[in-house]
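Open the model in your viewer and keep the sequence panel beside it. At each stop, select the residues named and look at what surrounds them.

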Amino acid sequence: MDDSTQFEIFLTAAPGLEKALLQEARDLDFSGLKSVPGGVTCQGSWPEVWRANLCLRGAARVLARIGEFRAFHLAQLDKRARKFPWGDVLRSDIPVRVEVVTNKKSKIYHAGAACQRIERALAESFGVPVVKGADTPDAITLKLRIDDNNCLFSVDTSGEGLHKRGHKVAIGKAPMRETLAALFLRECGYDGTQTIVDPMCGSGTFVLEAAEIALGLLPGRTRSFAFENLATFDAEKWVVLKTKAGLSDNEVRPRFFGSDRNAGVVEMAAANADRAGVSELVSFKQAAVSDLQPPPGDPGLVIVNPPYGARIGNKKLLYALYASLGQTLQERFKGWRVGIVTSETGLAKATELPFLPYGPPVAHGGLKIRLFQTGPL
């Protein structure tokens with residue numbers, strides 16, 4: 001597989017946010033786009049894989065579909081795996097971790113046995129070190145999905161999840177993932193031109209994502225990726241791609257504001273902003289929700305991820321917090337739009353805000369969360 005070979009690329013997303021990721025990929029001119037459960041598929045070559053990892057804010061991972069064949073029993077799987085052109089994509093000096101998913105629709109339904117066959121074929125026919133678990137962070141993850149007797153191989157080209165931008169070191173409890181924050185901002189209509197306020201900012205995820213979007217900063221600009229350890233990687237072309245996909249020419253004024261009653265997380269947020277290179281554009285301060293005031297200028301978007309009571313806080317005590325938030329926003333933020341992310345519809349309703357029809361539930365950390373948003377208050 002060289003730079004010109006076209007294949008399917010799978011952009012993963014939290015279930016419930018596929019359409020938002022599809023729109024982002026469309027805005028960035030990826031081709032052959034299709035929304036599927038758990039993400040978006042597109043068509044492209046290896047430079048498109050690199051660009052997806054570098055530029056997409058909402059994708060959780062980027063998987064390259066590197067080939068497939070049919071197999072009806074383990075011996076056939078073993079034989080065909082030994083003939084598979086692993087060297088077109090993998091390097092024999094970089095360890096590989098194998099993950100297999102199968103189902104009852106296939107003759108081969110035992111994932112553990114299938115995994116062993118693929119591992120043995122890789123080691124004996126290609127000579128690559130095979131590892132298990134997460135103890136070898138630099139290992140390439142090879143994924144096999146067996147569905148209706150079709151064996152589809154994918155390579156995880158991201159490595160660490162793409163929510164790990166590379167500059168947000170300090171985090172609070174139960175943080176919002178950057179990838180989710182980016183897609184929720186998109187669903188709220190944020191395009192980089194509006195003022196953003198987060199009155200329960202934690203480590204600053206919403207505020208930092210908004211500032212980076214406004215500046216045109218690439219989400220993957222300060223981190224490395226698994227594809228850099230593949231046989232298909234071209235370091236010179238990668239440098240050119242990163243340079244071409246650089247900063248926006250837009251002049252951006254400071255309009256990104258975060259506050260939290262916890263002084264420690266406010267300090268974390270400020271440190272994260274400094275590492276992200278947006279500290280001159282954002283403002284963080286310690287303040288309770290009841291002290292919240294709109295910043296000068298035109299109305300914008302208040303977006304907040306309050307405690308749900310599942311991992312942080314007593315749910316019964318949170319109704320008063322949500323009610324206070326709703327009262328403050330309705331009294332002081334006329335003309336502003338609001339987005340609230342929570343797992344509890346009852347808590348959202350406690351704000352008494354005029355929510356638009358709810359979006360779909362989104363899988364997050366074992367919970368089902370949802371974006372509740374309003375039009376201008």
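Predicted model: local features only at pLDDT ≥ 70, side-chain atom pairs only at ≥ 80, totals over all residues.

**Stop 1: helix α2**

Select residues 46-55, which make up helix α2. Nine of the ten residues of α2 are buried, so the helix is largely enclosed by the rest of the structure. The buried ones are Trp46, Glu48, Val49, Trp50, Arg51, Ala52, Asn53, Leu54 and Cys55. To see what covers them, display the elements around the helix; among them are β1 (7-12), α1 (18-27), β3 (39-44), β4 (61-70) and α7.

The charged end of Arg51 sits over the ring of Phe30, at 3.9 Å from the ring centre.

**Stop 2: aromatic rings**

How many aromatic pairs are there? The count comes to 15. For one of them, select Trp50 and Phe227, whose rings are stacked, with 6.1 Å from centre to centre and 25° between the planes. Trp50 belongs to helix α2 and Phe227 to the loop between α6 and α7 (235-244), so this pair ties together parts that are 177 residues apart in sequence. Trp50 and Phe227 are both buried.

Next, select Phe84 and Phe153. This pair is tilted, with the centres 5.2 Å apart and an angle of 50° between the planes. Phe84 is in the loop between α3 (74-83) and β5 (96-101), while Phe153 is in strand β8 (residues 150-156), so the pair links parts 69 residues apart in sequence. Phe84 is buried, and Phe153 is buried too.

**Stop 3: the cavities**

For the largest cavity, select Arg165, His167, Lys168, Glu178, Thr205, Leu208, Glu209 and Glu212, which line it. Its volume is about 40 Å³. Which helix gives the largest share of this lining? That is helix α6 (residues 205-215), with four residues. By class, the lining of the largest cavity has five charged, two polar and one nonpolar residue.

For the second largest cavity, select Asn53, Leu56, Leu162, Arg165, Pro219, Gly220, Arg223 and Phe225. The space inside the second largest cavity is about 30 Å³. Its lining divides into four nonpolar, two polar and two charged residues.

**Stop 4: single residues**

Select Lys104, in the loop between β5 and α4 (111-126). Is Lys104 buried or exposed? It counts as exposed, because its relative accessibility is 71% and the cut-off for exposed is over 50%.

Finish at Thr374, in the segment after β15 (367-373). With a relative accessibility of 2%, Thr374 counts as buried. Leaving aside neighbours within four places in sequence, Thr374 is in contact with Trp336, Arg337, Val338, Leu353, Pro354, Phe355 and Leu356.

Methods:
Residues numbered from 1 in each chain as written. Heavy atoms only, no water. 1 Å grid on protein atoms, 1.4 Å probe; cavity = no way out; pocket = protein on both sides within 12 Å on 5 of 7 lines; lining within 4 Å. Points joined across faces, edges and corners; volume = space filled by probe spheres on them. Helix = DSSP H or I, 4+ residues; strand = E, 2+ residues; numbered from the N terminus. Nonpolar A, V, L, I, M, F, W, Y, C, P; charged D, E, K, R; others polar. Phe/Tyr/Trp six-rings, centres within 6.5 Å; stacked < 30°, edge-to-face > 60°. Buried < 20%, exposed > 50% of the residue type's maximum accessible area, 1.4 Å probe, protein only. Lys NZ or Arg CZ within 6 Å of the ring centre and 35° of its normal. Contact = heavy atoms within 4.5 Å.
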